[in-house]
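Biologist: Can you walk me through this one, and tell me what each label rests on? I'd like the cut-offs as well as the words.

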Amino acid sequence: PGLLVAAITLAVFLPSLSNDFVNLDDPLYVYENPSIRSLDLGFFRWALTAVVLGHWHPLTNLTYAIDHALWGLNPLWFHLTSILVHALNTLLVFVLVRRLADPIVRADPACRNPDRSLAITAGVAALLFGIHPTRVESVAWIAERKDVVYGLFFLLSVVFYVEYCRGGRWRKALYALSLAAFALSIMGKAMA
């Protein structure tokens, strides 16, 4: 069900592949930004220290540089990257809701099929996240990629933290992964 919800989200946003760059923020972040045109040491120095339009987001700048290195300045590929990351975020919302709802659903004696209930609950929540109109700007506007990038690592951080709280053999590693993912989230957008 999680993959299905991610696929539906992907399909909903595919029309944005025909979008071009826009004149609001896209020039400074991408198509007039000489700093993203190479992945050398100079780029990494710039990415770690640059504040573009009042924002520090080196990880997001890295995604722009990777897209540029692979595809040049073709906006289709920049849009595809954002769509794919958002679809992955939707899958992570599914996983997170399923994990959080699991003890509640399993504790309900009236629930006859907890696995089905969990799949439906997580699927509906993830689908609402994935196709909600408030996500459109973040996915369809290249300059707003920082939202999907920070969202990816923020959701990963929370998923790792929830698993850490459940205990088990890999507890310390999960905590470290949660902190690392959170740090990457901040590097995607300071709002994290």
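This is a predicted model: local features need pLDDT of at least 70, side-chain atom pairs count only at pLDDT 80 or more; totals for chains, interfaces and linings use all residues.

Modeller: Helices first: a helix here is a DSSP run of H or I with at least four residues, a strand is a run of E with at least two, and the numbering starts at the N terminus. With that rule, Glu-144 sits in the loop between H7 and H8. Residues are numbered from 1 along each chain as its sequence is written, and side-chain values use heavy atoms, with hydrogens and water left out.

Biologist: What makes Glu-144 count as buried?

Modeller: Its relative accessibility is 10%, and buried means under 20% relative accessible area (exposed is over 50%, partly exposed is in between, with a 1.4 Å probe and protein chains only). So 10% puts Glu-144 in the buried class.

Biologist: Which residues does Glu-144 touch, leaving out those up to four places away in sequence?

Modeller: Tyr-64, Glu-137, Ser-138 and Lys-189. Contact just means heavy atoms within 4.5 Å.

Biologist: Ser-138 is on that list. How do you know whether Ser-138 is buried or exposed?

Modeller: Ser-138 has a relative accessible area of 3%, so it goes down as buried. Ser-138 belongs to helix H7, residues 136-140. Skipping anything up to four places away in sequence, Ser-138 touches Glu-144, Arg-145, Asp-147 and Val-148.

Biologist: And what class does Asn-19 get?

Modeller: Partly exposed, because its relative accessibility is 30%, which falls in between the two cut-offs. You'll find Asn-19 in the loop between H1 and helix H2 (26-31). The C-alpha atoms of Asn-19 and Pro-75 are 7.2 Å apart, although 56 residues separate the two along the chain. Pro-75 also shows up among the contacts of Asn-19, with His-79 and Ala-140, once neighbours within four places in sequence are set aside.

Biologist: Which residues make the contact of H4 with H8?

Modeller: H4 brings Leu-59, Thr-60, Thr-63, Tyr-64 and Asp-67, while H8 brings Arg-145, Lys-146, Val-149 and Phe-153. By class that comes to four nonpolar, two polar and three charged residues. Nonpolar covers Ala, Val, Leu, Ile, Met, Phe, Trp, Tyr, Cys and Pro; charged covers Asp, Glu, Lys and Arg; the others, Gly among them, are polar.

Biologist: And what makes H1 roughly antiparallel to H5?

Modeller: H1 (residues 2-13) packs on H5 (residues 75-107) at about 150°, the axes being 8 Å apart. That angle makes the pair roughly antiparallel, because the cut-off is over 145. The contact of H1 with H5 splits into 10 nonpolar, four polar and no charged residues.

Biologist: How do you know that Arg-99 and Glu-163 form a salt bridge?

Modeller: Their closest N and O atoms are 2.5 Å apart. The rule asks for a side-chain nitrogen of Lys or Arg within 4 Å of a carboxyl oxygen of Asp or Glu, so the pair qualifies. Arg-99 is in helix H5 and Glu-163 in helix H8, 64 residues apart. The rule gives six salt bridges.

Biologist: Why does the pair of Asp-102 and Arg-166 count too?

Modeller: At 3.7 Å between the closest N and O atoms, the pair is still within 4 Å, so it passes. Asp-102 is buried at 16% relative accessibility, whereas Arg-166 is partly exposed at 48%. Arg-99, Asp-102, Glu-163 and Arg-166 are linked in a network of salt bridges.

Biologist: What about Lys-189 and Asp-147, buried or exposed?

Modeller: Both are buried, and their side chains meet in a salt bridge at 2.5 Å, N to O.

Definitions and conventions: Axes are lines fitted to C-alpha atoms, for helices over the stretch in contact, and angles run from 0 to 180 degrees between N-to-C directions. Angles under 35 degrees count as roughly parallel, over 145 as roughly antiparallel, 65 to 115 as roughly perpendicular and the rest as oblique.
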